[in-house]
Each structure stands twice: as structure tokens, then as C-alpha cells.
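Subject: Handover of a structure

Dear colleague,

Please find the structure below, together with its sequence. My notes on the pockets, the cores and some individual residues follow.

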Amino acid sequence: MLRYSIKKYICVHFTHSFFIMQNIKVAVDAVVFGYHQNQLHVLLIQQKFGSSQPYWALPGGLVRDDEALIDAVKRELSEETNLVVNYLEQLYTFGDDINRDSRNRVVSVAYFALIDSNGLEIKADTDAENVQWFPVKEIPHLAFDHNQIIDLAFLRLKAKLSYQPIGFDLLPNPFLFSELENLYCIILEKEIDRRNFRKKMLSFGIIEETEIISHQKSGRPAKLFLFNQQKYSQLTQEGFHFEIKFA
């Protein structure tokens, strides 16, 4: 009798579990940072579905059944903005708010990317009506929780700069050292000790001074620098000890 009861419990429990159907969709969103005109920008797309008003949002969309997350975010960026990015880092998974998307229960895996936005051709496609760079200080009210995603991505970028020299993907190669200094000041929102910063950057060997002279519209002519990706990758594996001093 006891054996029969156990079998019956297992059968009922299994049947109940079997018929619990999930209806959760998985999406990816991308925070793409670009740097031009001495400002940090974020790439946004304008979407329109049905009769609703167009709204600004991050590039992204649903993940296909046979698709890896990283492939999904690269595909969405290519389809919606015409961009191919080299630096992509997984940021966070957003799904605690079950009503973050009024259309479906959607869990989004967010990524952030760094890219040299100077001279890039961006083009809206698929379900995007428009695509545009926005200064991080002038982000409009976005769809879903995308403002929250951008805020977290900016905090991650800011934190990483304080212990690891990144951001070279935001600059042209070659670049002026003053451009690198200004980039750090803008992201960290503080004035750095420029003399100490230059000394420390050069000591790593990840940037190399060239004999190419840049004739700026304002200021004195200055030599351009090249980023050494091989040396940077080596030091990344070994570990950086990078501390920024502020003015």
C-alpha cells in the first residue's frame, strides 16, 4: 500500500511538473559607447510597432532558438545600425521586473561596446526607423528599462577605467595623447593628474609615440601615438596595477 502511494505521488508530481509551460522570451540589448567632439555618446535606435508612437531604445532584440547570445547581439547591431564592433562585454541580466516589457515576459541580457565613432556610417534597418548618437548627458526617456541599462553600463565603464587602462577602442589609431587624457577626464568626471597619467601610460608600453605630427586647428603641433594591442593583451593576462591620480 505504501509503495502504491509513493508511485502515485511520483506520477502526479511528474505530470504536474510536465505541464508547467514557461512563456519567457530572451532578448539582448547593446549599449554602444562612442567618442567624438570631446563627448561620450551612446547609440540609440528609434522603433515603431503598429500604430504606437516611435520611441528611442537601445539596439537589440529577441534571441533565436539556434543562436548564442553573443551572436544575437552582433546580429542585432548589424541589422539595426549597420555596425560591427570589436569590444563587447556582457553587462547584466535584466528580468526582475516581470513587467519591464508590456508585450511579453522578456529577460534581457545586456552588453556594452566601445567603438571609434568618427567617420562611421550608421544606418537604420529592420524594425528601426532611425539611428542616432546621443551624448550621455542628453539621453531622452527610453523604452522599457533602457535608461537604467545605460546608467549601469556607464558605471561599469567608469569603474574599469580606474583599475585597467581601456578605452582605446573609442579613439582613432593613431591618436593624440591629449585625446586620451580628455577621454579619461570625461568618463571619470574628474580632472586627472596629466603628468602622472602620461608617465604611467608610457611605462606600460601599450602606447607608442610615432614621428607623425598632427597639425591641429588649435594648439601646437603634436606627435601621434599608436595603441599596441599585442602588448595590451599580454599585460591583461598578467594583470595590471593601474591607479589614476586626480588633480
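How much space lies in the second largest pocket? About 340 Å³ of space lies there. Please note that the model is predicted: local features need pLDDT of at least 70, side-chain atom pairs count only at pLDDT 80 or more, and totals for chains, interfaces and linings use all residues. Residues are numbered from 1 along each chain as its sequence is written, and side-chain values use heavy atoms, with hydrogens and water left out.

Overall content

The protein has six helices and 10 strands; helices (H or I, at least four residues) and strands (E, at least two) are DSSP runs numbered from the N terminus. Of its 247 residues, 42% count as buried, where buried means under 20% relative accessible area, exposed over 50%, and partly exposed in between (1.4 Å probe, protein chains only). Among contacts (heavy atoms within 4.5 Å) with a separation of 6 or more, 66% are between residues 24 or more positions apart.

Pockets

A pocket here is an open set of points on a 1 Å grid over the protein atoms alone, where a 1.4 Å probe fits, with protein on both sides within 12 Å along at least five of seven lines; lining residues have an atom within 4 Å of a point. Grid points are joined across faces, edges and corners, and a volume is the space filled by probe spheres set on the points.

The second largest pocket is lined by 22 residues, and Gly60, Gly61, Leu62, Asp101 and Arg103 lie nearest its centre. Two or more lining residues come from each of strand 1 (24-36), strand 4 (60-62), helix 2 (69-81) and strand 6. By class, this lining has six nonpolar, seven polar and nine charged residues; Ala, Val, Leu, Ile, Met, Phe, Trp, Tyr, Cys and Pro count as nonpolar, Asp, Glu, Lys and Arg as charged, and the others, Gly among them, as polar.

Gly60 is in strand 4 and counts as buried because its relative accessibility is 10%. Beyond residues up to four places away in sequence, Gly60 touches Val28, Asp29, Glu76 and Glu80. Its C-alpha atom is 9.4 Å from that of Glu79, 19 residues away along the chain. Asp29, in strand 1, is likewise buried, with a relative accessible area of 7%.

The largest pocket has a volume of about 410 Å³. Of its 19 lining residues, Asn86, Tyr87, Leu114, Phe168 and Asp169 lie nearest the centre. Strand 6 (105-115) and helix 6 (229-238) each supply at least two residues of this lining, which divides into 12 nonpolar, five polar and two charged residues.

Cores

A nonpolar core is a set of buried Ala, Val, Leu, Ile, Met, Phe, Trp, Tyr and Cys residues joined through side-chain atoms within 4.5 Å. The largest contains 46 residues, of which Val31, Phe33, Leu180, Tyr184, Met201 and Ile206 touch the most other members. Helix 4 (residues 177-188) gives the most to this core, with seven residues. A second, separate core of 19 residues includes Leu43, Leu77, Ala128 and Val131.

Helix 6 and local backbone features

Asn228 caps the N-terminal end of helix 6, with a side-chain oxygen 3.2 Å from the backbone nitrogen of Gln230. Just after helix 6, Gly239 takes a positive phi of about 105 degrees. Ala247, in the segment after that helix, is exposed at 77% relative accessibility. Leaving aside neighbours within four places, Ala247 is in contact with Glu191, Ile192 and Asp193.

Most residues other than glycine have a negative phi, and most peptide bonds are trans. Asn38, in the loop between strand 1 and strand 2 (39-47), has a positive phi near 60 degrees and is exposed, with a relative accessible area of 53%. Glu189, in the loop between helix 4 and helix 5 (194-204), also has a positive phi near 60 degrees; at 40% relative accessibility, Glu189 counts as partly exposed. Finally, a cis peptide bond, with omega about 15 degrees, joins Asn173 and Pro174.

With kind regards

Note on methods
Polar contact = N/O pair within 3.5 Å; in protein donor to acceptor, adjacent residues only side chain to side chain.
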